[in-house]
Amino acid sequence: MTEASDTKRGLRKTRTGVVMSDCQDKTIVVRVDRRAAHPRYHKVMTLSKRYYAHDEHNEARAGDRVEIMETRPLSKTKRWRLVSILQRAATD
């Protein structure tokens, strides 16, 4: 590999979030929360965004805390893939 491709791979973004849905085959929906101050009023708010991520082995379940990484486009909406499951959801 060239030196440029090595540095490019290191620049992929990672996010940590909670799985909202695992109904689709090999796809999970992950909610990632971030905290930001309002531009004018400076109140700290929690903002969330949903990411569609590829889960090759269908191992993540709703409620799990997961880490996802940016990847090449896999479909119309999927641009992320599952890296690891950090914490399993509590089961009854």
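This is a predicted model: local features need pLDDT of at least 70, side-chain atom pairs count only at pLDDT 80 or more; totals for chains, interfaces and linings use all residues.
## Basis of the model

Local features are given where pLDDT is at least 70, side-chain atom pairs count only at pLDDT 80 or more, and totals for chains, interfaces and linings use all residues. Residues are numbered from 1 along each chain as its sequence is written, and side-chain values use heavy atoms, with hydrogens and water left out.

## The barrel

Five strands form a closed barrel. Their order is β1-β2-β3-β5-β4, and the pairing is mixed. From one strand to the next, the twist averages 45 degrees. Axes here are lines fitted to C-alpha atoms, for helices over the stretch in contact, and angles run from 0 to 180 degrees between N-to-C directions. Strands (E, at least two residues) and helices (H or I, at least four residues) are DSSP runs, numbered from the N terminus. Two strands count as paired if DSSP finds at least two bridges between them.

Strands of a sheet pair through backbone hydrogen bonds, either parallel or antiparallel. Both kinds are seen in the pairs below.

## Strand pairs and hairpins

Strands β1 and β2 run antiparallel and are joined by three bridges. S21 stands opposite V29 in β2. This hairpin has five residues between its strands. K26 in the hairpin takes a positive phi near 60 degrees.

Strand β2 covers residues 27-37. It is joined to β3 by 11 bridges, and the two run antiparallel. R34 faces L47 in β3, and V29 faces Y52 in β3. The hairpin of β2 and β3 has six residues between the strands.

Strand β3 (residues 44-54) also pairs with β5 (residues 80-87). These two run parallel, with two bridges between them. Here H54 stands opposite R81 in β5.

## The nonpolar core

A nonpolar core is a set of buried Ala, Val, Leu, Ile, Met, Phe, Trp, Tyr and Cys residues joined through side-chain atoms within 4.5 Å. Buried means under 20% relative accessible area, exposed means over 50%, and partly exposed lies in between (1.4 Å probe, protein chains only). The largest such core has 11 residues: V19, I28, V30, V32, Y51, A53, A60, V66, I68, W80 and L82. The largest share, three residues, comes from β2.

L82 is one of the core residues. Contact means heavy atoms within 4.5 Å. Neighbours within four places in sequence aside, L82 is in contact with I28, A53, H54, D55, E59, A60, V66, E67 and I68.

## Positive phi in the loops

Most residues other than glycine have a negative phi, and most peptide bonds are trans. H42 has a positive phi near 60 degrees and is not a glycine. H42 lies in the loop between β2 and β3. H42 is exposed, with a relative accessible area of 58%.

N58 is another non-glycine residue with a positive phi, about 50 degrees. Its place is in the loop between β3 and β4. N58 is partly exposed, at 29% relative accessibility.

## Salt bridges

Side chains of opposite charge can pair when their charged atoms come close. A salt bridge is a side-chain nitrogen of Lys or Arg within 4 Å of a carboxyl oxygen of Asp or Glu. The whole structure has five.

E70 and K13 meet at 3.8 Å, N to O. They are 57 residues apart and link distant parts of the chain: E70 in strand β4, K13 in the loop between α1 (3-10) and β1 (14-21). Both are partly exposed, E70 at 25% and K13 at 41% relative accessibility.

D64 pairs with R88, with the closest N and O atoms 3.0 Å apart. D64 is in the loop between β3 and β4, while R88 is in the segment after β5, 24 residues away. D64 is buried, with a relative accessible area of 2%.

D33 and R31 form a further salt bridge, with the closest N and O atoms 3.2 Å apart. D33 is partly exposed at 40%, and R31 is partly exposed at 28%.
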